[in-house]
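Please read the following briefing alongside the sequence and the structure. The points are grouped by topic for a reader who works with computed geometry.

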Amino acid sequence: MSLKKAAFAVRDNAYAPYSKFHVGAAIRSASGAVFVGCNVENAAYPEGTCAEAGAIAAMIAAGETRITDVYVAAGGPMLITPCGGCRQKLAEFSNGDVIVQMGTTSGLENEMRMDALLPGAFGAGHMEE
Ligand code: THU
């Protein structure tokens with residue numbers, strides 16, 4: 001299944017009764033496997049998690065740590081763009097040239113490299129002595 005199809009399919013399972021903004025994310029890892037996640041909100045609003053975080057958690061749980069491609073699917077009148085926290089989470093497991101595709105139910109589509117989404121990303125290298 002394509003990343004796009006996987007992202008839109010998992011979006012159907014988003015639990016977003018508060019924002020009503022449903023998001024799906026699909027990640028391809030170095031082995032070629034695809035991992036998906038959707039946003040999961042909570043009555044205690046800050047406890048909700050983003051779609052990207054869910055897909056990353058699934059990848060890590062499966063024993064993989066390198067992302068090669070990402071697709072984020074949402075509704076709304078504008079293209080979605082991963083939130084700041086998700087950019088940092090994606091950067092942990094991506095090189096700067098990883099492409100993040102974004103799409104909407106209305107057919108808008110765009111893509112950006114990770115190093116454009118999060119220039120100057122803080123990473124493990126910054127903590128080396
Ligand atoms: N959301 C995501 O899942 N991913 C993003 O990149 C942006 C925002 C979710 C969080 C919340 O459940 C809803 O969209 C509205 O912010």
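Predicted model: local features only at pLDDT ≥ 70, side-chain atom pairs only at ≥ 80, totals over all residues.

**Thr49 and its surroundings**

Leaving aside residues up to four places away in sequence, Thr49 touches Cys38, Asn39 and Val40.

- Thr49 sits in the loop between strand 2 and helix 2, and with a relative accessibility of 41% Thr49 counts as partly exposed.
- Between Thr49 and Asn39 the C-alpha to C-alpha distance is 5.5 Å, although the two residues are 10 residues apart in sequence.

**The ligand**

- Around the ligand lie Ser19, Phe21, Val23, Asn39, Glu41, Cys50, Ala51, Glu52, Thr81, Pro82 and Cys83; Asn39, listed here, is also one of the residues that Thr49 touches.
- An oxygen atom of the ligand lies 2.9 Å from an N or O atom in the side chain of Asn39, and an oxygen atom of the ligand lies 2.9 Å from a polar backbone atom of Ala51.
- For Glu52, an N or O atom of the side chain is 2.6 Å from an oxygen atom of the ligand.
- The ligand taken alone exposes 370 Å², and the protein buries 77% of that area.

**Aromatic pairs**

- How many aromatic pairs does a search of the whole structure find? The search finds 2 aromatic pairs.
- In the pair of Phe8 and Tyr71, the ring centres are 6.0 Å apart and the planes stand at 55°, so the pair is tilted.
- Because Phe8 belongs to helix 1 (residues 3–11) and Tyr71 to strand 3 (residues 67–74), the pair ties together parts that are 63 residues apart in sequence.
- Tyr71 has a relative accessible area of 2% and is buried, and Phe8 is among the buried residues of helix 1.
- Tyr18 and Tyr45 also form a tilted aromatic pair, with 5.4 Å from centre to centre and 40° between the planes.
- Tyr18, at 37% relative accessibility, counts as partly exposed, whereas Tyr45, with a relative accessible area of 60%, is exposed.

**Helix 1 and its packing**

- Which residues of helix 1 are buried? Leu3, Ala6, Ala7, Phe8, Val10 and Arg11 are buried there.
- These buried residues of helix 1 pack against strand 1, strand 2, strand 3 and strand 4 (99–104).

**Salt bridges**

- Side chains of opposite charge can pair when their charged atoms come close, and in this model the count comes to 3 salt bridges.
- Lys4 and Glu109 meet through their side chains in a salt bridge, at 3.3 Å from N to O; Lys4 lies in helix 1 and Glu109 in strand 5 (residues 109–113), so that distant parts of the chain, 105 residues apart, are linked.
- Lys4 is partly exposed, having a relative accessible area of 40%, and Glu109, at 42% relative accessibility, likewise counts as partly exposed.
- The side chains of Arg28 and Asp69 meet in a salt bridge at 3.4 Å from N to O, and because Arg28 lies in strand 1 and Asp69 in strand 3, the pair ties together parts that are 41 residues apart in sequence.
- Arg28 is partly exposed with a relative accessible area of 25%, and Asp69 is partly exposed with 24%.
- Arg113 forms a salt bridge with Asp115, and the closest N and O atoms of this pair are 2.7 Å apart.
- Arg113 counts as partly exposed at 38% relative accessibility, as does Asp115 at 34%.

- Most residues other than glycine have a negative phi.
- Lys20 is found in the loop between helix 1 and strand 1, and with a relative accessible area of 62% Lys20 is exposed.

Conventions: Residues numbered from 1 in each chain as written. Heavy atoms only, no water. Phe/Tyr/Trp six-rings, centres within 6.5 Å; stacked < 30°, edge-to-face > 60°. Helix = DSSP H or I, 4+ residues; strand = E, 2+ residues; numbered from the N terminus. Buried < 20%, exposed > 50% of the residue type's maximum accessible area, 1.4 Å probe, protein only. Contact = heavy atoms within 4.5 Å. Near = heavy atom within 4 Å. Polar contact = N/O pair within 3.5 Å; in protein donor to acceptor, adjacent residues only side chain to side chain. Areas by Shrake-Rupley, 256 points an atom, 1.4 Å probe, with all protein chains shown as cover. Salt bridge = Lys/Arg side-chain N within 4 Å of Asp/Glu carboxyl O.
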